[in-house]
Number of protein chains: 2
Amino acid sequence: MRRIARSAGIDRRALLAALASAPVVPQLFLPAIARAQGPSAPLASWNDGPAKRAIVEFVRATTDRASPNFVPPEERIATFDQDGTLWVEHPIYSQVVYCLDRVPAVVAQKPELRDAEPFKTVLSGNREAIAKLTMGDLEKILVATLTGMPVEEFDAEVKKWLAGAKHPRWNRAYTELVYQPMREVLQYLREGGYKTYIVTGGGQDFVRMYAEKVYGIPPEQVVGTAGGTKYGYDKNGKPFLTKEPRLLLNDDKAGKPEGIHLMIGRRPYAAFGNSDGDREMLEYTGAGAGARLNMLLLHDDAAREYAYGPAQGLPDSKVGRFTQALFDEAKAKGWTVISMKQDWKRIFGFE
Amino acid sequence: MRRIARSAGIDRRALLAALASAPVVPQLFLPAIARAQGPSAPLASWNDGPAKRAIVEFVRATTDRASPNFVPPEERIATFDQDGTLWVEHPIYSQVVYCLDRVPAVVAQKPELRDAEPFKTVLSGNREAIAKLTMGDLEKILVATLTGMPVEEFDAEVKKWLAGAKHPRWNRAYTELVYQPMREVLQYLREGGYKTYIVTGGGQDFVRMYAEKVYGIPPEQVVGTAGGTKYGYDKNGKPFLTKEPRLLLNDDKAGKPEGIHLMIGRRPYAAFGNSDGDREMLEYTGAGAGARLNMLLLHDDAAREYAYGPAQGLPDSKVGRFTQALFDEAKAKGWTVISMKQDWKRIFGFE
């Protein structure tokens with residue numbers, strides 16, 4: 001920005017150059033500049049249809065000062081589920097893969113776990129047996145791999161894992177398996193002055209490790225399932241926080257509006273989800289006055305990604321279950337169901 | 001911003017006019033513009049001295065790209081205790097006054113409390129007896145007056161109370177008893193690209209009701225003692241959240257860095273407090289690499305506000321206790337102690 005201050009006047013080229021190099025792009029300037037540059041192509045990966053139109057119309061209605069549904073900039077909050085809404089969740093949540101991958105290292109530190117279940121089964125590598133682990137087993141694995149260490153140690157482990165782990169179907173990093181059309185919605189909303197939040201059932205600390213790089217969403221805008229930490233000092237008297245197996249927020253189903261109240265303190269104007277875990281977040285968003293945008297992504301594209309429901313006769317699913325009751329509620333309440341097959345020109349940025 | 005888009009070029013006057021009327025002021029532009037306008041008078045209510053110099057030097061060191069301690073804008077986080085740091089906390093926290101004031105209304109709804117302690121004592125109006133209530137009594141009053149109602153009902157009650165309640169010494173609204181020099185620090189840090197947070201032992205939902213108006217700090221940047229909420233539906237099927245007597249975060253002492261991790265997920269670069277309840281927040285802030293600003297306000301001005309410690313021989317205090325041990329830790333760690341008497345030209349904006 002120094003170029004601007006130093007120059008006698010301000011010209012448009014200098015402003016654009018400064019904006020391009022600025023680490024934080026002031027949101028207000030972008031729409032004006034986009035308009036000044038001529039028609040851009042927002043939501044380029046979306047086919048024309050009711051879903052795309054709903055997004056465009058919502059942003060117009062809430063950001064045009066002449067609109068009866070104008071929303072002051074500071075109240076513009078949009079919340080996004082992550083798994084299955086912003087990136088691939090099948091066949092298994094990436095964070096669960098992380099936890100399973102961490103078991104050998106945890107057992108190396110605590111050899112007494114080697115012959116104890118469910119760790120023994122995980123170490124066996126027997127996929128069929130692992131697939132049969134119960135929720136109780138999974139919880140033991142989560143506690144052992146996600147808690148008990150300093151925050152910085154956890155952060156470093158997650159970053160290391162993210163750099164190496166690959167999704168079995170595409171043989172690409174999980175962080176590449178982000179839906180390009182949703183990236184464009186995030187960007188489009190931000191250009192409309194919306195603050196975009198992730199509201200995920202996944203671990204808050206886990207998602208924070210990549211959300212800024214992958215989605216442009218900073219740590220303070222990630223709301224997720226969160227455990228407590230404990231403040232203490234190392235042997236040199238330096239303070240640090242240890243991750244504890246004490247659940248503060250189960251950020252799923254009713255926990256999503258509860259988490260939104262806790263962490264944001266404002267009701268969203270827009271909410272995006274893809275499963276029964278997002279129902280309450282959308283209900284809560286829709287219960288506010290004025291224009292609200294509620295959208296659910298239906299995975300109906302086995303060829304390009306996955307197809308699962310059980311809504312609309314799609315195969316039932318363990319991960320990201322979208323029931324017919326949710327589909328019916330969406331129709332009754334005027335929420336928009338996005339058809340991956342119909343509404344999206346492409347799925348991933350690398351395509 | 002429309003003026004800019006519509007005009008053929010961009011001139012400085014139009015930019016300044018647009019900025020002045022913009023609801024959200026893009027932070028990056030302000031320092032450049034301030035420089036372009038010539039010397040402004042930041043921190044005008046501060047006397048020249050080590051405290052003011054520490055603030056100015058910190059902002060310079062962390063925002064000048066040529067500085068070895070430059071901090072990227074997205075990492076610029078500053079946290080402020082509220083009671084006794086941003087506004088008056090003596091003779092009693094305003095939120096406690098709120099709770100005591102609410103007791104008659106609560107008893108009217110639940111007559112069985114009329115003859116039960118501690119409600120009976122509060123209703124008696126006997127100040128001496130009220131002053132002797134124990135922490136356990138106070139907790140019962142907090143639970144009865146802060147929980148059990150829908151979030152919106154609580155919000156409305158707090159707003160109503162804030163509009164009418166007056167501090168006994170100045171006979172002014174509590175929201176007027178904000179320290180003008182601290183307002184200027186908030187503004188100065190924001191102009192330097194810092195995101196300013198309140199990190200308070202007070203109730204998160206309570207402080208959120210006025211923080212935006214009084215400090216320019218939006219609800220999502222208020223971290224405080226927080227209880228859970230419960231999602232449910234009214235008789236028309238409309239969802240709402242009820243405040244529950246379930247403590248999620250006790251945002252005091254070690255709870256402050258724990259709350260910062262939960263709600264922000266980044267270590268602050270600057271932290272401001274005034275009592276032993278802020279010690280861990282400052283320790284945690286100071287344990288990060290690079291330039292960090294840690295400041296403690298010492299209330300040593302009985303004439304203009306209050307004088308309490310017991311540090312430095314000041315009278316001991318129940319509210320906002322600043323011990324000699326904390327004072328000594330500040331000196332040992334290079335934190336800056338602000339003397340209200342020496343460092344502040346004026347205390348309040350209305351003076």
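In what follows, a residue counts as buried under 20% relative accessible area, as exposed over 50%, and as partly exposed in between, with a 1.4 Å probe and protein chains only. The model is predicted, and local features need pLDDT of at least 70, side-chain atom pairs count only at pLDDT 80 or more, and totals for chains, interfaces and linings use all residues. Residues are numbered from 1 along each chain as its sequence is written, chains are lettered from A and ligands numbered from 1 in the order in which they are written, and side-chain values use heavy atoms, with hydrogens and water left out.

The account begins with the sheet of chain B. Helices (H or I, at least four residues) and strands (E, at least two) are DSSP runs numbered from the N terminus, and two strands pair if DSSP finds at least two bridges between them. Chain B contains an open sheet of seven strands in the order S4-S3-S2-S1-S5-S6-S7, and its pairing is mixed. Strand S4 (239-249) and strand S7 (336-339) of chain B stand at the edges; each has a single partner strand, so one side of each is left without a neighbour in the sheet. On average, neighbouring strands of this sheet are turned by 30° against each other, direction ignored; the axes behind this value are lines fitted to C-alpha atoms, for helices over the stretch in contact, with angles running from 0 to 180 degrees between N-to-C directions.

Within the sheet, strand S1 (residues 77-80) and strand S5 (residues 270-273) of chain B run parallel and are joined by three bridges. B:Phe80 has B:Phe272 in S5(B) as its bridge partner. The loop between S5 and helix H14 (279-286) of chain B holds B:Ser275, which counts as buried at 10% relative accessibility. Leaving aside neighbours within four places in sequence, B:Ser275 is in contact (heavy atoms within 4.5 Å) with B:Leu296, B:Gly320, B:Arg321, B:Phe322 and B:Leu326.

Charged pairs come next. Side chains of opposite charge can pair when their charged atoms come close. In one of them, B:Asp81 pairs with B:Lys256, with the closest N and O atoms 2.9 Å apart. Because B:Asp81 lies in the loop between S1 and helix H5 (94-109) of chain B and B:Lys256 in helix H13 of chain B, the pair ties together parts that are 175 residues apart in sequence. B:Asp81 is buried at 6% relative accessible area, and B:Lys256 is buried at 1%.

Another salt bridge links B:Arg266 with A:Glu220, the closest N and O atoms being 3.0 Å apart. B:Arg266 lies in the loop between helix H13 (255-263) and S5 of chain B, and A:Glu220 in the loop between helix H12 (211-215) and strand S3 (222-233) of chain A, so this pair joins two chains. Both B:Arg266 and A:Glu220 are buried.

In chain A, the side chains of A:Lys333 and A:Glu329 meet in a salt bridge at 2.8 Å, N to O. The two residues are separated by about one helical turn because they are four residues apart in helix H15 (residues 324-333) of chain A. A:Lys333 is partly exposed, with a relative accessible area of 45%, whereas A:Glu329 counts as buried at 13%. A network of salt bridges links A:Asp276, A:Arg279, A:Glu283, A:Glu329 and A:Lys333.

Methods:
Salt bridge = Lys/Arg side-chain N within 4 Å of Asp/Glu carboxyl O.
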